[in-house]
Amino acid sequence: MSSKAIIMVGGDTRGTRFRPLSLDIAKVLFPIAGKPILSHIIDSVLLVPTVTEILLIGFYEASTFSDFIHDYQVKFRFQKRKISIKYLREFKALGTAGGLYHFREEILRGNPINFFVIHGDIVCSYPLVDIYNFYESKQNFEKVDAVIFGVKIQDYNLFLALNGPEFSSSGANFGTIVSDNHGKVVHYVEKPESKISNVINGGIYMFNERLFRRLSNAKISKISIANDVAHPEFVDEDVISLEEDILKDLPESSTTYVYEYKGFWKQVKTPSGALFANELYLDKVYQSRHRQIFSNDENKSNSASSSSGEDEEGVVILAKPSANIVPPVYIHPSCAIADDVKIGPYVSIGENVTIEKGARISNSIILPNTEIHAHSIVLNSIISYGCKVKEWCRIEGTGVNLATLNEIVRKGPKALGKLKSAVTAQQQVIGVRDTGNICILGSNTVVSDDCYVLNSFILPNKTIKHDVKYEIIM
Amino acid sequence: MKGLILVGGYGTRLRPLTLSLPKPLVEFGNKPMILHQVEALAAAGVTDIVLAVNYKPEVMVAALKSYEAEYGVNITFSVEEEPLGTAGPLKLAEKVLRKDESPIFVLNSDVICDYPFKELLDFHQKHGGEATIVATKVDEPSKYGVIVHDLAVPNLIDRFVEKPVEFVGNRINAGLYVLNPSVIDLIEMRPTSIEHETFPQLVEKKQLYSFDLPGYWMDVGQPKDFLSGTCLYLSSLAKKESKALTPISEPFVNGGNVLIDPSAKIGKDCKIGPNVVIGPNVVVGDGVRIQRSVVLKNCQIKDHAWIKSTIVGWNSTVGRWARLEGVTVLGEDVTVKDEVYVNGGKVLPHKSISANVETPQIIM
């Protein structure tokens, strides 16, 4: 009895909305709380005992993941459990399910009884064990074809504000699930124009082998449409959409359940989405009291994994709150942090980062090997690899962070409208959608003494010598 | 000898500072503006000073009372019922100004320079004309009334050209004059302008000369120029190797031209200068960066704040990691919260700023 996990990692010819960060790093490898999104997912997969193989499917160059996969393979070698990990490269972008069809033999090799399909840009608490158990419990009564991970939205307005797109008023841009009171899915709509349910598709699924029959059928109908000269639009027969071509028909033709989840959830499409995900994730780790272990607690200091700042289950270990640390904050153990600083809340700092005296960092992600010099302040920003922010700089996004967003949503539609127009204003000035009013420094950016970078995106390898406000620096 | 200082009205151009203190008492280089002038006049041998004002606040009367004793001068207020322009006040104060036949110094209270009254007086007495205008050179004469000299007689003014389109000269009226008492006879008791009504008559009579002002000159009537004027004043102090300036050997001084009151406290790791004035009892925290700014007395500048081209009004507090720039003016007792950015904000007294001010604006 074995299972597999398939993680859809995307590719760099798509996902341009993650620019300028995608120039430095594949989106799924972007660190949330100091750890790649993909590692968060894989570490959760590893908690499911039946999984014997992890397959990454995408259309990045193979080299993108070679180090990453190598590290896991080394790790697996020292474990008793037999598990493998592999990257399967699509010959082109095949849509959300085209890759599953294309690599069907690879996936079905060894006759797994079921498999997870996980979108690689989802950040949540990944309750994969619970999903698996839920699947098994339903399986006791009838043959279950699929379980969809459904995110139950608690505060619809907040959810919309968090997940855009651009604060759209006409319903969320997600698949919406309607189920009966046993959790059986009776209706699935992709991107509905009106609100029909509080449960949306969270981008994680459990399927059995019957999925491939559906994929074959979808493929056949694609080919016939593609070859139909009367069809008005060009249709690529290789591209299959999991949502449009498979999920929509599931309620009628199969037994599909929804696993309802009430925790935090964020799909990372844009850099500002990554900042939100970081905030939500850190908050979650901080709130779950039984995990309140901090990196400099003595009983943890001899833990084998503390050098990477994680516990045995792959949950990051937060920095201990103090006069200088406003929780939640993640700081990699290798960092050099001066005493006289103020860091947090919602800050993640990667390996070998130097923070000099009198620096202030709030709601930001700092990637490895960056230096923040004395007296500088970083707010609502993402600072990529190897940057140097010199003395008395101010790197600032005026920030849609969770705290302000919550407050705005509480104040009602008027305040939300104001926020929308503020964000739209930046979009118009710098011409990027989903800016979220954050600041991004691409890798190896140098910001000279006293400079102010406000709500701007700096592409890699630039030296900033003057104040930059609402600009993209190429 | 006698002097008349044209103070005028409420100093609205220098708000929000002048909402708390009359303009002549606002400290320029850690000294009330009017005191610079009183000092210079007293040093030149002036014994009677008239302040031409539209209103007479108690605080100003009290301040000038104390200067009377300190500098051995008589100071009187000449209060206009209605604004009398730049010449009217001379007529109004005739009693004092004509009490003897010695020349009268007249100056605009907004003007700062090195006040070379002794040289000016020598010059005035040497040429024998009825009046002397102090002239300063400017880069863009097209914005001012430009002085054109007589071709035959050195320094005799031939005419004024208002906002010349073609270059006729680059000397303009600096707002300081020496007049013989007889000039008052040319003035009627009504609102009238010395520049446009009195001087042309003197030009006609070939009685008006100009004196070239050495050194700097600035009309500091508004915040932007107040800061520029401060730079000029500090540079002038540096040139004179004034002991008042904080020595460059201090580790926190950057680029010189820094004037810090001895009662102010400066934290560690600060970088202050160039062109900074810090008033009495100011407390500057650690890691603070200040350049081209004036911090008035009793302010608190907290750790790691960054301040440039800003006037911080009395008793104000600037929070940690706050950033002020772009000719921001904090009125009295303003609080800028931690981490807040203010660009070109004119903040009225007793306000607390807790959100960024990205574009120049007035904060009521």
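Predicted model: local features only at pLDDT ≥ 70, side-chain atom pairs only at ≥ 80, totals over all residues.
Chain B can be described in the same terms. Seven helices and 29 strands form its secondary structure. Buried residues account for 58% of its 364 residues. Its accessible surface comes to about 14900 Å², with 51% belonging to carbon and sulfur atoms. For contacts in chain B with a separation of 6 or more, 49% are between residues 24 or more positions apart.

The overall form of chain B may be considered next. Along the principal axes, its C-alpha trace spans about 65 × 45 × 35 Å. A compact globule of 364 residues would have a radius of gyration near 21 Å, and chain B agrees with this because its value is 22 Å. Chain B carries 38 positive and 43 negative side chains, and the centres of these two sets are 4 Å apart.

An unreviewed UniProt entry assigns residues 2-233 of chain B to "domain: Nucleotidyl transferase". That stretch of chain B, residues 2-233, is 29% helix and 27% strand, and its end C-alpha atoms are 25 Å apart. For residues 256-363 of chain B, UniProt gives "domain: Mannose-1-phosphate guanyltransferase C-terminal", again from an unreviewed entry. Residues 256-363 of chain B are 0% helix and 44% strand, with 33 Å between the end C-alpha atoms.

Individual residues show how such elements are placed. In chain B, Ile147(B) belongs to strand S7, which covers residues 145-149. Is Ile147(B) buried or exposed? Ile147(B) counts as buried because its relative accessibility is 3%, and the cut-off for a buried residue is under 20%. Leaving out residues up to four places away in sequence, Ile147(B) touches several others, among them Ile133(B), Ile157(B), Phe160(B), Ile172(B) and Ser210(B). The C-alpha atom of Ile147(B) is 27 Å from that of Met1(B), a residue 146 positions away along the chain.

A second example from chain B lies in a helix. Thr230(B) is part of helix H7, residues 223-239. With a relative accessibility of 2%, Thr230(B) is counted as buried. Apart from neighbours within four places in sequence, the contacts of Thr230(B) are with Phe28(B), Val277(B) and Val294(B).

Which residues of H1(A) are buried? They are Ile37(A), Leu38(A), Ser39(A), His40(A), Ile41(A), Ile42(A), Asp43(A), Ser44(A) and Val45(A). Helix H1 of chain A, residues 37-45, is therefore largely enclosed by the rest of the structure, since nine of its nine residues are buried. Ile220(A), by contrast, is found in helix H7 of chain A, residues 211-226, and is exposed, with a relative accessible area of 54%. Its C-alpha atom and that of Glu237(A), 17 residues apart along the chain, are separated by 8.6 Å.

The last topic is the geometry of the backbone. Most residues other than glycine have a negative phi, and most peptide bonds are trans. Both chains contain departures from these patterns. A cis peptide bond, with omega about 0°, joins Arg19(A) to Pro20(A); Pro20(A) is located in the loop between strand S1 (3-10) and strand S2 (31-32) of chain A. In chain B, the bond from Arg15(B) to Pro16(B) is cis, with omega near 5°, and Pro16(B) occupies the loop between strand S1 (2-8) and helix H1 (33-43).

Positive phi values occur as well. Asn380(A), which is not glycine, has phi near 45°. This residue, Asn380(A), is in the loop between strand S22 (377-379) and strand S23 (381-383) of chain A, and is buried, with a relative accessible area of 9%. Asp333(B), also not a glycine, has a positive phi of about 55°. Asp333(B) sits in the loop between strand S24 (328-330) and strand S25 (335-336) of chain B, where it is partly exposed, with a relative accessible area of 32%.

Notes. Residues numbered from 1 in each chain as written. Chains lettered and ligands numbered in written order. Heavy atoms only, no water. Helix = DSSP H or I, 4+ residues; strand = E, 2+ residues; numbered from the N terminus. Rg over C-alpha atoms; globule rule 2.2 N^0.38 Å. Buried < 20%, exposed > 50% of the residue type's maximum accessible area, 1.4 Å probe, protein only. Contact = heavy atoms within 4.5 Å. Areas by Shrake-Rupley, 256 points an atom, 1.4 Å probe, with all protein chains shown as cover. Lys, Arg positive; Asp, Glu negative; His and termini not counted. Charge placed at Lys NZ, Arg CZ, Asp CG, Glu CD. UniProt positions renumbered as here; feature names shortened; annotations may be inferred.
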